[in-house]
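Hi everyone, thanks for making time.

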Amino acid sequence: MSIDLDRTRPIWRQIAAVVVERIEDGTYPAGARVPSVVELSAEFEVAASTAQKVLAHLKSEGVVRAEIGLGTFVEDRSS
């Protein structure tokens, strides 16, 4: 699936919105692993630092949690 990013807005925010949309539509259900920095940077053709910013933002918002050595996972926010 190809995502057209608007180069007039912060790219990391647009990618974060795509990831959140995928969480909401069930592509990444609660507890599922989300793409890594490397996977995000390859999919969206952005620098690793941009992908890192996406995951850091989603973590700070409580959307995902990072487990050292395992990856980043969707938080279960149903409770």
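Predicted model: local features only at pLDDT ≥ 70, side-chain atom pairs only at ≥ 80, totals over all residues.

A bit of background first: oppositely charged side chains can pair when their charged atoms come close. How many salt bridges does the count come to here? The answer is four, and I'll talk about some of them.

Let's begin with R22 and E43. Their closest N and O atoms are 2.6 Å apart, and the two form a salt bridge. Which helices do these residues belong to? R22 sits in helix α1, residues 11-24, while E43 sits in helix α2, residues 37-44. The pair therefore ties together parts that are 21 residues apart in sequence.

Now, is R22 buried or exposed? R22 has a relative accessible area of 7%, so with the limit for buried set at under 20%, R22 is buried.

Next, have a look at E39 and R33. Their side chains meet in a salt bridge, with 3.3 Å from N to O. On the accessibility side, E39 is partly exposed at 38%, and R33 is partly exposed at 39%.

My last pair is E67 with R65. Here the side chains meet in a salt bridge at 2.9 Å, N to O. E67 has 28% relative accessibility, which counts as partly exposed. R65 is likewise partly exposed, with a value of 28%.

That's my tour, and I'm happy to go back to any of these pairs.

Technical notes:
Residues numbered from 1 in each chain as written. Heavy atoms only, no water. Helix = DSSP H or I, 4+ residues; strand = E, 2+ residues; numbered from the N terminus. Buried < 20%, exposed > 50% of the residue type's maximum accessible area, 1.4 Å probe, protein only.
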